[in-house]
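Hello,

Here is the structure for you to take over. Please open it alongside this message; the findings follow below.

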Amino acid sequence: MHAFILAGGFATRLWPLTEKRAKPLLPLAGIPLIEYLVRDIPEDVPVTISTNATFKEAFEDWAEGFGRSNVEILIEDVKSDDQKLGALGATAQWITDAQIDDDVLLLTGDNYCGFSFDAFLKAATPDTTLIAVHDIGDLEKAKAFGTVIVENAQRVSAFEEKPKSPKTTLVNTGCSLLPKSTLPFLVEYAKEHPDNVGGIFEELLHKGKQIECFRFTEPWFDIGSFDAYIEATKELVGGAVITEEGARFERSKHNGSVVIGSQSQVIDSDLTDVVIFENCVIEDCVLSNCVLDKGCKLKGIDLTGKMLREGTILT
Amino acid sequence: MRYRLLLIGWLLTDLAVFIGSYAAAYFLRVGWILSTDFPFEPYITVVAITSPLWLIVLITTRTFALTRSQSSFRNLAYIIYSSLVGTALFALGYYFLFGLFFSRMLLLYALVISTIAIWIWHLLYSKFQRMRLRADPPVFPTVIVGVTRESRELIKKLNKGSNPLKPVAVLDGRGCKDTEIDGVPVRGKLNKLEDVLSEGVTHLIQCSDLEQSLNLLSACRQNKITYMLLPSVLGIVERDEKVESLEGQPVTMVGPKENPLMWFFK
């Protein structure tokens with residue numbers, strides 16, 4: 001088996017946090033999002049992370065620091081959204097170029113999955129595609145995902161990518177196991193639909209291939225927006241304050257989840273559900289539902305629901 | 001550099017127009033002769049001494065500002081006001097130096113001619129200046145953030161009026177299907193901001209994406225770029241908003257519709 005993680009997006013909805021940082025490298029409760037995925041993949045499974053040239057060095061630095069020998073960073077040679085191969089296109093190119101003849105654990109790098117990949121892989125039936133599905137309990141929210149109709153508890157009978165009128169709240173979570181027999185279909189389908197990762201499952205069903213689902217109830221987040229990022233932080237941090245190395249939290253109050261990055265200082269402030277990256281100085285501020293990128297300096301400011309770009313100075 | 005040269009040229013030519021206007025007023029009043037009763041030399045000397053003071057008054061009205069439209073009534077009012085001060089300064093200067101007053105009609109001529117001449121000169125020079133400032137590469141390349149009905153109109157107005165702020169790129173937080181607006185390329189979403197700003201942009205006009213105001217302002221500060229904001233982004237669509245000050249704290253003010261004269265008192 002080989003794990004392939006899609007991490008080539010430019011994450012425009014999370015601007016400015018993703019201005020100089022790939023979304024999978026965003027810290028979630030102090031740990032890069034991609035690390036939650038990679039550390040749960042069995043040690044003997046080689047991991048390929050597909051990203052673009054803009055974030056090449058950042059991923060290489062992260063991989064070096066992470067210290068797992070079988071992690072490879074694959075660079076898609078593009079510098080902007082309009083040049084991208086597309087997620088499925090990148091997967092197909094990797095399969096072709098690296099002559100992959102093995103089952104593929106396909107993951108999207110901007111997802112946080114609370115379940116264990118061990119349990120997921122154990123649930124797989126040989127030569128059958130397996131996708132991890134989660135009930136998000138809201139038909140309106142389901143419109144943004146690939147929905148999955150299931151029969152006989154486990155077998156997928158229909159798959160609809162971003163349906164206008166979803167028939168179910170069960171959605172694909174960006175974690176799937178593709179047996180090697182499906183890879184030629186993927187490569188062929190990607191030629192016409194390089195952006196439609198979810199579409200491959202519709203295609204496989206259309207070709208008569210069986211797909212099964214792995215249902216889980218553990219937390220799952222698609223970190224695609226500011227709200228999702230804050231929600232995921234709340235889930236992981238709870239009501240605590242996480243202070244990283246060298247961080248100071250003095251004469252300040254907190255409510256909900258607070259993460260203070262390394263070497264940051266929070267003094268005489270009131271924080272509610274706030275994530276502060278490294279090297280920030282916050283003094284005499286009231287912040288609620290905010291994410292501050294590194295190097296921000298705030299003094300005597302009240303802010304609600306803001307993401308601040310790196311180096312913002314409001315004093 | 002191009003802008004500085006043009007501005008220095010404008011200030012110097014304004015002085016010449018001012019002095020020329022007073023010379024014209026002299027000859028119009030005295031006749032096309034050099035009178036011995038009312039000699040030209042001391043007259044024009046006082047005009048020359050007064051002219052820099054008049055220019056300072058004119059500068060303080062911000063008539064040379066990039067955002068000022070020379071054809072507006074407001075600008076004409078400022079020019080009239082400056083010319084009045086110029087005439088008063090000239091009369092006082094002449095009295096201080098020579099201890100006498102002279103023809104009131106000459107002063108009236110000087111006031112009218114200098115006002116009209118300066119205004120016409122400003123209209124012509126600003127047109128020339130705008131043309132030069134927009135010539136490639138533009139001196140004030142401007143990025144527009146947000147594709148809205150109003151931003152489309154703004155881009156058209158800036159281009160049609162040959163405004164010194166030349167739109168060179170459009171960005172939109174949510175993405176936009178257009179590839180260009182009135183000839184200005186739509187470069188993509190805000191993740192392209194750093195690239196666009198690094199291309200020598202001098203001004204940024206925010207037309208939507210209110211939630212990103214702080215970040216756009218921060219990017220502008222870091223890159224020494226002038227930030228502008230359409231009031232409609234804040235939901236102010238009254239068209240008569242003003243930035244005032246309450247005990248030194250800037251506030252955007254939209255007053256109720258009432259007698260325009262009350263503007264002076266409220």
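This is a predicted model. I start with the contact between the chains. Chain A puts twelve residues into that contact, and chain B puts in ten. On the chain B side, the biggest giver is helix H7 (residues 213-222) of chain B, with five residues. By class, the side of chain B that touches chain A has five polar, three nonpolar and two charged residues.

Next, the layout of chain B. Two domains are assigned there: domain 1 spans 2-134 and domain 2 spans 140-234. Their C-alpha centres are 38 Å apart. The two domains of chain B do touch: domain 1 supplies five residues to the contact and domain 2 supplies six. On the domain 1 side of chain B, three of the contact residues are nonpolar and two are charged, with no polar ones.

Now the strands of chain A. Strand S18 (residues 270-276) of chain A pairs with S20(A) in the parallel sense, over six bridges. Within that pairing, A:Val274 sits opposite A:Cys290. S20(A) also runs parallel to strand S22 (residues 302-304) of chain A, with three bridges joining them. There, A:Ser288 has A:Thr304 as its bridge partner. Strand S23 (residues 307-308) of chain A is another parallel partner of S20(A), joined by two bridges. Here A:Val291 is bridged to A:Met307.

Last, the nonpolar cores. Which residues have the most contacts inside the largest core? They are A:Ile5, A:Ile131, A:Ala132, A:Ile276 and B:Val143, in a core of 119 residues. Note that this list names residues from chain A and from chain B. A:Ile276 also falls within the residue range of S18(A), 270-276.

Over to you.

Best wishes

Notes. Residues are numbered from 1 along each chain as its sequence is written. Chains are lettered from A and ligands numbered from 1 in the order in which they are written. This is a predicted model: local features need pLDDT of at least 70, side-chain atom pairs count only at pLDDT 80 or more; totals for chains, interfaces and linings use all residues. Domain bounds come from an automatic or database domain assignment. Two residues are in contact if their C-beta atoms, placed from the backbone, lie within 7 Å. Ala, Val, Leu, Ile, Met, Phe, Trp, Tyr, Cys and Pro count as nonpolar, Asp, Glu, Lys and Arg as charged, and the others, Gly among them, as polar. Helices (H or I, at least four residues) and strands (E, at least two) are DSSP runs, numbered from the N terminus. Two strands pair if DSSP finds at least two bridges between them. A nonpolar core is a set of buried Ala, Val, Leu, Ile, Met, Phe, Trp, Tyr and Cys residues joined through C-beta atoms within 7 Å. A residue is buried if 20 or more other C-beta atoms lie within 10 Å of its own, exposed if 12 or fewer, and partly exposed in between; C-beta atoms are placed from the backbone.
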